[in-house]
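Please read this report beside the sequence and the 3D structure, following each residue as it comes up.

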Amino acid sequence: MIHALRRCLSAPETLARLEALAAGAPASAPVSLRLLLDRGTTDWLTLLPADAPYWYRARPDHREYRLAIGHALHVTSAGPNRLAALDNAFAGFCRDWRRNGPAFAFAGFAFDAGNNTPLPNALLAIPAIMLESVGGECSVTLSAPAGRLAQAAAEWPHWLATPTIASAPPQRPSRLETLAERAWIARVNAALRDIEAGRVDKIVLARSRTIEADAPFSAATVLGQLLAQQPSSVVYAYGNGQPSFVGATPERLVRLVGQRVDADALAGTSWPGSLALSETKNRHEQALVVQAVCAALVPFCENPPIAEPAREHAAGQLLHLRSRVAATVHPGTTLFELVRALHPTPAIGGFPVAAAQAWLAEHHEQRSGWYSGGIGLLSPDGDGEFSVALRSALLAGNTAELQAGAGIVAGSDARHELAETTAKLGTLLAALVPPITPESGDSLRA
């Protein structure tokens, strides 16, 4: 496949076709040329760049894999109006976007509108090279501003180095986390006191774990493990040198296709040896999310949203309760408007949303990168989908920071909630430390 891709990039007719698409367009207008490569299925991970911006999004059980390399155009924002700013910027891109077929932009944002480290708080980008493998058909979409097509075409081959996917590095002995765990349990108990006092119904608390290894972590290796271990999740990544933000999420924030909107109401967690999903605590958590998602969508909908009955949804070794919420939105409703209305859901922040957000700010909740924010894919015709960035890790050299959260409601047990976060962190640990086959004779240091 790589040979077909290189032929497309070097063929004189490729630049000629881009220039024909760009005829008469403003110099800043995006121009996108889609070219078919071959039949087959590839996850593109051998092409993950080491020193260029990239985005990755895959749904293994749908045979859908996308890797975007480089930025043709991008915009960043932060603060309370960050998503409106991205919405306006995307509308500007779309007004003059010249293309011969499907084209996409990517976007990501942090949970906290004021968090700018180590990733941009909110980022929207049209990729320079977009590699797709969907349903057994592979293609590449090449994009650049109309005013710099020749310069962009000269840059593209340099981004297609083929680094070897490294094996998982041996981990250094873990530091004792007793003090950190005690501090987290104290925060759970503080939340329970305020829930009992009626100040809030639910608080979602995050915790992190830092893993150090004897060699740099490979984003491609971790993503490959997540593809194998969580085929029913959305496996995602964003990177630009150091660090890389990678993960696998079971939760859709919102999808818009035409006027049809779909959102997940996902909450409640079980794992081997835990409480069953049918327990009252899990059902209560999930009901709060259904209520909030439906309420957030109502102002945009022609009819009241319809929520499916809750069903079990697998995410690796974990099970969640999930209801799909669907509705028809008013004409002209944008995907970013829906994201602004829905984020944060009670599944990642708490309930009522405003009170929970105030509680988290007061208690200095810290979430790194885009954990529990969103990561999405958008098309110039207005369709697209955002996922909640859960089960994530920030990879920076020899260090990996893993994050997970748990929903605290009346009747929650602090020790059980700690165990839930440990189980969630385990989904990323399993990707950082792939199983050793008996033939290898080696073992990794825990």
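Thr 178 belongs to helix α5, which covers residues 178-196. Between Thr 178 and Arg 57 there are 121 residues of separation in sequence, and the C-alpha atoms of the two lie 36 Å apart in space.

## Confidence in the model

The structure is a predicted model, and its confidence should be kept in mind while reading. The average pLDDT for the protein is 91, and 93% of the residues reach a score of at least 70. Residues 436-446 are a stretch where pLDDT stays under 50, and for this stretch the model has 13 contacts beyond four places in sequence.

In soluble globular proteins, nonpolar side chains tend to be buried together. In this model the largest nonpolar core has 65 residues, and those with the most contacts inside it are Phe 90, Leu 124, Leu 205, Val 254, Phe 336 and Phe 386. Helix α5 supplies the largest share of this core, with 7 residues.

Which residues does Phe 336 touch, not counting residues up to four places away in sequence? The list consists of Leu 83, Leu 86, Asp 87, Phe 90, Ala 107, Leu 124, Leu 378 and Phe 386. Of these, Phe 90, Leu 124 and Phe 386 are also named, like Phe 336 itself, among the residues with the most contacts inside the largest core.

## Two cavities

The count of cavities of 30 Å³ or more comes to 2. The largest cavity has a volume of about 210 Å³, and among the 21 residues that line it, Ala 347, Leu 390, Arg 391, Gly 405 and Lys 424 are the closest to its centre. The elements that give two or more residues to this lining are the strands β8 (202-212), β12 (260-270) and β20 (399-409), together with the helix α10 (414-432). Strand β20 contributes the largest share, 5 residues. Sorted by class, the lining of the largest cavity holds 9 nonpolar, 6 polar and 6 charged residues.

The second largest cavity has a volume of about 50 Å³. Its lining is made up of Tyr 56, Arg 57, Phe 106, Val 234, Tyr 236, Ile 375, Gly 376 and Ser 387, and the elements that give two or more residues to it are β2 (54-59), β9 (234-239) and β17 (374-378). By class, this lining divides into 5 nonpolar residues, 2 polar residues and 1 charged residue.

## Backbone features in the loops

Most residues other than glycine have a negative phi, and most peptide bonds are trans. Against that background, two peptide bonds and two phi values deserve attention. The bond that joins His 343 and Pro 344 is cis, with omega of about 0°, and Pro 344 lies in the loop between α8 (335-342) and β16 (350-351). The bond from Phe 351 to Pro 352 is also cis, with omega near -10°, and Pro 352 lies in the loop between β16 and α9 (353-362).

Arg 63 is not a glycine, yet its phi is positive, near 55°; this residue is found in the loop between β2 and β3 (64-77) and is partly exposed, with a relative accessible area of 41%. Ser 372, which is not a glycine either, has a positive phi of about 65° and is found in the loop between α9 and β17. Is Ser 372 buried or exposed? With a relative accessibility of 0%, Ser 372 counts as buried, because buried means under 20% relative accessible area.

## An exposed loop residue

Thr 117 is found in the loop between β5 (105-109) and β6 (122-134), and its relative accessible area of 56% makes it exposed. Although Thr 117 and Ser 368 are 251 residues apart in sequence, their C-alpha atoms are 7.3 Å apart in space.

Note on methods:
Residues are numbered from 1 along each chain as its sequence is written. This is a predicted model: local features need pLDDT of at least 70, side-chain atom pairs count only at pLDDT 80 or more; totals for chains, interfaces and linings use all residues. Side-chain values use heavy atoms; hydrogens and water are left out. pLDDT is the predictor's confidence in each residue, from 0 to 100. Contact means heavy atoms within 4.5 Å. On a 1 Å grid over the protein atoms alone, a cavity is a set of points where a 1.4 Å probe fits but cannot get out, and a pocket is an open set with protein on both sides within 12 Å along at least five of seven lines; lining residues have an atom within 4 Å of a point. Grid points are joined across faces, edges and corners, and a volume is the space filled by probe spheres set on the points. Helices (H or I, at least four residues) and strands (E, at least two) are DSSP runs, numbered from the N terminus. Ala, Val, Leu, Ile, Met, Phe, Trp, Tyr, Cys and Pro count as nonpolar, Asp, Glu, Lys and Arg as charged, and the others, Gly among them, as polar. A nonpolar core is a set of buried Ala, Val, Leu, Ile, Met, Phe, Trp, Tyr and Cys residues joined through side-chain atoms within 4.5 Å. Buried means under 20% relative accessible area, exposed over 50%, partly exposed in between (1.4 Å probe, protein chains only).
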